[in-house]
Amino acid sequence: MPVREELSAAPVERRLRLFADGRGQGAAAHEHRLMRAARPALPVLNWLGQYARPLMKLPRLGWITSDPLVARALLNDPTHLSLLSEGGVGHLWAQVLGDWVNELFDGPGHHDLRTRSKDLFTARTSDAFVESAWGSRLSEARAHLEAGGELDLADLSRILVGRMVVTLLGTPVDASRGDDAYREIFATGEELASIALGTTSDTVLPPDKIAAARGIVERLTGHIDGAFDTAGGDTVVGRCRGLGLSPLETKGLCTLLMVAGTETAASAMARMMALLIDSGEQVRLLERPERREDTVREALRVTSPAPLIGRSVVKDLEIAGRTLRAGERVMVLTWTANNVAGAFAIDRAYQPHNRQLWFGAGRHLCLGGPLARAELDHFLTLLTGDGRPLSIVRRRYGRKVLIPAYESLVVRKHPAR
Ligand code: HEM
């Protein structure tokens, strides 16, 4: 098959639907277009990933894999792989935040930080964070929908995540400006994450990007120095102090939370709803509310909002019959690894070999997994609240964004039966 045809967008879209079946195809086609709008190369990489089992080497990009067992073995191997050297996310952030990141993000300090912060987000604390951050905002949105109004779920997800950032970090905000204040907080986080755009093949940042990112970090976490000693025990800053973290470690962790937990969570929220509606699975969920937890897991599997995880090889490594050389890069294609199981289906059984690869694996396994799950679970009440299905009125995919996401997803409730 000619390479040019293989890599052009339309055949890729057709082939990606192989991952779906029957009525799942419409939902899969929207997901595909969403990823293409975010980064045109992403669906191509996702599709190529099917053949990266156990591993495949690509020119310029290095090794890719979508084999969940190989992926987990790589992510669990800090001896041969690092996210600090060029090609890893730590390398990116060390240029912005300073060399102390090396200690905290992947060095011995990382283990210590993770051990001490392991209870920061449990199912219980996450539920409480969602309740206090979102307050009555979700119920207001639900009432508006149930009264027959149209609602932009993508906009709402950004507002709710903005509220979460303010609650977690204690970032000062002028709440009298209402939703706009939280939209702005979200946009600031997005701006920060966007410095990673275009670094898929090179994580060396130009000086102007470094300066811009430093300004944003200061805007979001600069208050922590002054608030550290007095922050309430229900805030992350207060909890970090209670766990024995220093102000510097707390600022580092807060930056991480901001970068890792804003766009990913908002992306998953709106995409989960689109998947439920596009696939028709919303009707099954309304009939079988006990499938709620499975629905959240399925949404995370199919959306895999962090579609790839990069590492650099720091020491030669033999794995799955291949030799990865020091200095090479490796990318775990989480989206492909998770999606080969098939289309979005709320009764799909847990995939034991994949576990929760959408949250990564090993020492950097997502710290905010329980929080993301709690956010998605609460967001579902927009659908399940009054038992009436939703329809999509119009949608727009986010363009040139790091994390594929809806720019806008306007829905309304079906008329009462
Ligand atoms: C659907 C939502 C989310 C997804 C798909 C997701 C995915 C991931 C993935 C794949 C990693 C591993 C990255 C790597 O190994 O290089 C990660 C790390 C991380 N995530 Fe999440 N995440 C989500 C939400 C959140 C939330 C809500 C928070 C907290 C507010 C959060 C905080 C973190 C932190 C702090 C790390 C770094 C952990 C470390 O390096 O030890 N994430 N996330």
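**Exercise 1. Work out how the shell around the ligand is made up by class, and which residues and elements supply it.**

Step 1. By class, the shell around the ligand holds 16 nonpolar, six polar and three charged residues, where Ala, Val, Leu, Ile, Met, Phe, Trp, Tyr, Cys and Pro count as nonpolar, Asp, Glu, Lys and Arg as charged, and the others, Gly among them, as polar. The model is predicted, so that local features need pLDDT of at least 70 and side-chain atom pairs count only at pLDDT 80 or more, while totals for chains, interfaces and linings use all residues. Residues are numbered from 1 along each chain as its sequence is written, and side-chain values use heavy atoms, with hydrogens and water left out.

Step 2. The ligand is surrounded by 25 residues, of which the closest are H110, R114, R311, H364 and C366; a residue is near the ligand if one of its heavy atoms lies within 4 Å of it.

Step 3. A polar side-chain atom of H110 lies 2.7 Å from an oxygen atom of the ligand, and an N or O atom in the side chain of R311 is also 2.7 Å from a ligand oxygen, a polar contact being a pair of N or O atoms within 3.5 Å. Two or more residues of the shell come from each of α8 (108-116), α16 (247-261), α17 (263-279), β5 and α21; helices (H or I, at least four residues) and strands (E, at least two) are DSSP runs, numbered from the N terminus.

**Exercise 2. Identify the protein donor of the iron atom of the ligand and locate it in the chain.**

Step 1. The only protein donor is C366, through SG at 2.3 Å; donors are N, O and S atoms within 2.8 Å of the metal (3.2 Å for Na, K and Ca), and water is not among the atoms, so sites may look incomplete.

Step 2. C366 sits in the loop between α20 (334-339) and α21 (369-379).

**Exercise 3. Explain why strand β8 (residues 329-333) is largely enclosed.**

Step 1. Five of the five residues of β8 are buried, so the strand is largely enclosed by the rest of the structure; buried means under 20% relative accessible area, exposed over 50%, and partly exposed in between (1.4 Å probe, protein chains only).

Step 2. R329, M331 and L333 are buried on one side, and V330 and V332 on the other. In a regular strand the side chains alternate between the two faces of the sheet.

Step 3. Strand β2 (residues 62-65) runs parallel to β8 and is joined to it by three bridges, whereas β5 (residues 308-313) runs antiparallel to β8, with five bridges; two strands pair if DSSP finds at least two bridges between them. V332 is the bridge partner of T65 and of I309.

Definitions and conventions. Polar contact = N/O pair within 3.5 Å; in protein donor to acceptor, adjacent residues only side chain to side chain.
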